[in-house]
Amino acid sequence: MRQAHRQNTVGPWARRKLNALEQYLAAYHKVMQNQRFNLIYIDAFAGAGWSRVRTAPAEALGLDLPIDDDQAEAEEEFIAGSPVRALATGRGFDHYFFFDADPRRAALLEQLKRDHPQKDIRIKTGDANAGVQKLAAHFHKRPMARGVAFLDPYGPHLHWATVQALAETRKVDVIINFPLAMAINRLITRDGQIRENWVQMLDACFGTHDWHSLAYEAKDDLFGSNTVRKSEAAAERLLALYHGRLAHAFGHTVKPSLVTNTKGNPLYYLLWASANMRGVAIASHIMAMGNSVNLQELRHRKTTRRKG
Ligand SMILES: C[S@@+](CC[C@H](N)C(=O)[O-])C[C@H]1O[C@@H](n2cnc3c(N)ncnc32)[C@H](O)[C@@H]1O
């Protein structure tokens, strides 16, 4: 594995979610500063600590052009990932839990831990779902514990059961990268033929099989037989399904914020949820700094377009 991959390579749009996280954590610390809570930060898909941003023009254009070493070095840029930002923001948390399935990235997180000997940092290598669910169960025994969980998977790897476990604590705010266009929507094929393991992944991600009936519509073909086709509105419906489930589980959410690539194509949505309405104003403000999405408007737009 190349060094760059160990370190995680991201598109320039990753800044948007990381800045949103940092702003939320700074505001969270301000609100919590005069309270005697034990503050916990959970980073379920923590990465390597630092990420290399794709900035070389040839790469950015998707061209396979040779770049000499000096040029590549000059254009290489690293940005602080979520664990580094959480460690640096505000007065800091009392405990940090970082999870990553990739042992090479977890090894780089161990280095980060060595760089911060005064902080209580726990690193777990492996699937975050089991680890976060176990951690969430401890909150019931700790009345003074409060926290923030950043859930930033590449694909449909965040299980709904994990989100639900965090919601049940009533003490943890979540910021979720919901990779709808980047990953989830791509697993939902046009003709409805989906590999069984993808169906299982999607069921685990949504915590229900309802995504299937929302994503597909039965249509009569030219010969009068009934065929299943992916709905034009699949992405919007799936976002509404997930967001609705979040609102039900936590109690408070804000409008999703769409993150696009440099060409304006949708990639993922940033979602926020909490059992406490304390964070609603600040989360709405931070999310609105991107492209915040009005789900009702989206649904209305879809319906009008279909009628016309
Ligand atoms: C989008 S990256 C995280 C970036 C990171 N939050 C940052 O800001 O730098 C997703 C990470 O999730 C890890 N990963 C994938 N599946 C996982 C799983 N089931 N449990 C824990 N980590 C996982 C990958 O190794 C990768 O480092």
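Start with an open sheet of three strands, in the order β1-β3-β4, with mixed pairing. Keep in mind that this is a predicted model.

Select β1 (9–10) and β4 (77–80) next. These two strands stand at the edges of the sheet. Each has a single partner strand, so one side of each is left without a neighbour in the sheet.

Now select β3, residues 50–53. Four bridges join β3 to β4, and the two strands run antiparallel. Zoom in on V53. Which residue of β4 stands opposite V53? Look across and you find E77.

Show its side chain. R16 is buried, yet has no salt bridge. How far away is the nearest side chain of opposite charge? That side chain is E22, and the distance is 11 Å. A salt bridge needs the charged atoms within 4 Å. Now select M287. Its backbone oxygen lies 3.4 Å from a polar atom of the R16 side chain.

Last stop: R170. Find this residue in the loop between α8 (160–169) and β8 (172–178). Check the backbone here. Most residues other than glycine have a negative phi. The phi of R170 is positive, near 60°, and this residue is not glycine. Is R170 buried or partly exposed? R170 counts as partly exposed, because its relative accessibility is 46%.

Methods:
Residues are numbered from 1 along each chain as its sequence is written. This is a predicted model: local features need pLDDT of at least 70, side-chain atom pairs count only at pLDDT 80 or more; totals for chains, interfaces and linings use all residues. Side-chain values use heavy atoms; hydrogens and water are left out. Two strands pair if DSSP finds at least two bridges between them. Buried means under 20% relative accessible area, exposed over 50%, partly exposed in between (1.4 Å probe, protein chains only). Lys and Arg count as positive and Asp and Glu as negative; His and the chain ends are not counted. A polar contact is a pair of N or O atoms within 3.5 Å; within protein, one must be able to donate a hydrogen and the other to accept it, and residues adjacent in sequence count only if both atoms are side-chain atoms.
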